[in-house]
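Take a moment to look over the chain before reading on. The paragraphs below go through it piece by piece.

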Amino acid sequence: MLISCQVRLQAQAGINSPGLVDVCTGIFKQEGLSGFYSGLSASLVRQATYSTIRFAVYEDVKQRFGPSPDAFVLGIIAACSGFAGGLAGNFADVVNVRMQNDSALPEARRKNYRNIFDGVIRIVREEGAASLMKGWMVNCTRATAQTTAQLATYDVIKRYLMEHTSLQGEWSSQLTASFLAGLVATTVTNPIDVTKTRIMSTTEAEGLFAVVRTSFQKDGLGWMFRGWLPSFSRIGP
């Protein structure tokens with residue numbers, strides 16, 4: 001539900017673009033509850049590739065460095081794990097972004113993908129297989145930043161809390177570290193996330209710098225934190 005609101009917020013540019021409440025209200029009025037689950041199949045495949053790989057690689061490699069790797073080593077492991085996950089899940093992310101933003105487009109520009117498989121087949125047929133990797137660099141950059149800010153930060157904060165504060169319990173230190181890691185990850189990755197969404201949501205060949213320049217022109221500095229609240233509401237918990 002939150003991802004649909006986040007994607008539509010981030011895809012729209014301009015200082016007069018609707019806010020979170022307006023976007024959520026519009027989705028419910030026009031599409032009902034099902035509108036919040038647009039792109040569910042693509043989202044599930046994305047998580048099954050992107051998240052599975054980044055979490056699995058991070059935990060496996062981390063254990064090879066002993067019980068307490070230092071923060072630098074954790075950061076490097078997390079960055080490499082995130083990049084690998086972002087690359088593996090890029091095709092699903094492209095379909096996911098388009099499906100979730102489809103209803104916000106004029107009818108003539110809608111793709112109306114039925115599911116992840118229909119989306120992949122039609123993209124390959126209509127735009128070429130290379131389009132499945134559209135925005136891969138910014139997506140991998142986002143995945144690298146998020147995994148580093150989320151997983152490595154979690155381990156570092158938890159270790160600090162256990163060693164230097166009264167939060168000695170497993171649950172209390174885990175919850176606090178998780179919350180702070182989610183806060184850091186959301187803030188660090190949001191500008192990259194907006195850029196990724198705007199690149200993937202269009203079929204036009206618009207490059208990274210062109211998208212960033214247009215975002216500054218239409219939204220000012222505010223574009224970097226567009227959709228921050230639904231993003232944190234999803235990552236924080």
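Does Arg-122 count as buried or exposed? Arg-122 counts as buried, at 17% relative accessibility. The cut-off explains the label, because buried means under 20% relative accessible area. Keep in mind that this is a predicted model.

Stay with Arg-122 for a moment. Its side chain meets that of Asp-118 in a salt bridge, at 3.8 Å from N to O. Asp-118 is buried too, with a relative accessible area of 9%. Why can these two side chains be partners? Arg-122 and Asp-118 are four residues apart in helix 5, so about one helical turn separates them. Other salt bridges share partners. They join Arg-46, Asp-93, Arg-142, Asp-193 and Lys-196 into one network.

Now step back to the whole chain. The chain has nine helices and zero strands. Read along the sequence, its pattern is α-α-α-α-α-α-α-α-α. There are 237 residues, and 46% of them count as buried. The chain exposes about 11800 Å², and carbon and sulfur atoms supply 65% of that area. Next, consider contacts between residues at least 6 apart in sequence. Of these, 73% join residues at least 24 apart.

How many salt bridges does a search of the whole structure find? The search finds eleven. One of them pairs the side chains of Lys-62 and Glu-59, at 3.3 Å from N to O. Both residues belong to helix 3, which covers residues 40-63. They are three residues apart there, so about one helical turn lies between them. The two partners carry separate labels. Lys-62 counts as buried, at 16% relative accessibility. Glu-59 is partly exposed, with a relative accessible area of 32%.

Another salt bridge links Glu-127 with Arg-98, and their closest N and O atoms are 2.7 Å apart. Where do these two residues lie? Glu-127 is in helix 5 (residues 116-127), while Arg-98 is in helix 4 (residues 71-101). The pair therefore ties together parts that are 29 residues apart in sequence. Arg-98 counts as buried, at 4% relative accessibility. Glu-127 is partly exposed, with a relative accessible area of 25%.

The axes of helix 4 and helix 7 come within 9 Å and cross at roughly 80 degrees. Helix 4 and helix 7 are therefore roughly perpendicular to each other. Which residues meet here? Helix 4 brings Asn-90, Asp-93, Val-94, Val-97 and Arg-98. Helix 7 brings Lys-196, Thr-197 and Met-200. By class, this contact has three nonpolar, two polar and three charged residues.

Follow helix 7 to another neighbour. Helix 7 (residues 170-200) packs with helix 8 (residues 208-219) at an angle of about 110 degrees, and their axes are 10 Å apart. This pair of helices is therefore roughly perpendicular as well. On the helix 7 side, the contact is made by Thr-195, Arg-198 and Ile-199. On the helix 8 side, it is made by Leu-208, Val-211, Val-212, Ser-215 and Asp-219. These residues divide into four nonpolar, two polar and two charged.

What does Gly-75 touch, leaving aside residues up to four places away in sequence? It touches Thr-148 and Ala-152. Gly-75 and Ala-152 are 77 residues apart along the chain, yet their C-alpha atoms are separated by 5.5 Å.

Finish in a loop. Asn-112 lies between helix 4 and helix 5. Its phi is near 55 degrees, a positive value in a residue other than glycine. Why point this out? Most residues other than glycine have a negative phi. Asn-112 counts as exposed, at 52% relative accessibility.

Notes
Residues numbered from 1 in each chain as written. Predicted model: local features only at pLDDT ≥ 70, side-chain atom pairs only at ≥ 80, totals over all residues. Heavy atoms only, no water. Helix = DSSP H or I, 4+ residues; strand = E, 2+ residues; numbered from the N terminus. Buried < 20%, exposed > 50% of the residue type's maximum accessible area, 1.4 Å probe, protein only. Contact = heavy atoms within 4.5 Å. Areas by Shrake-Rupley, 256 points an atom, 1.4 Å probe, with all protein chains shown as cover. Salt bridge = Lys/Arg side-chain N within 4 Å of Asp/Glu carboxyl O. Axes fitted to C-alpha atoms, helices over the stretch in contact; angles between N-to-C directions. Parallel < 35°, antiparallel > 145°, perpendicular 65-115°, else oblique. Nonpolar A, V, L, I, M, F, W, Y, C, P; charged D, E, K, R; others polar.
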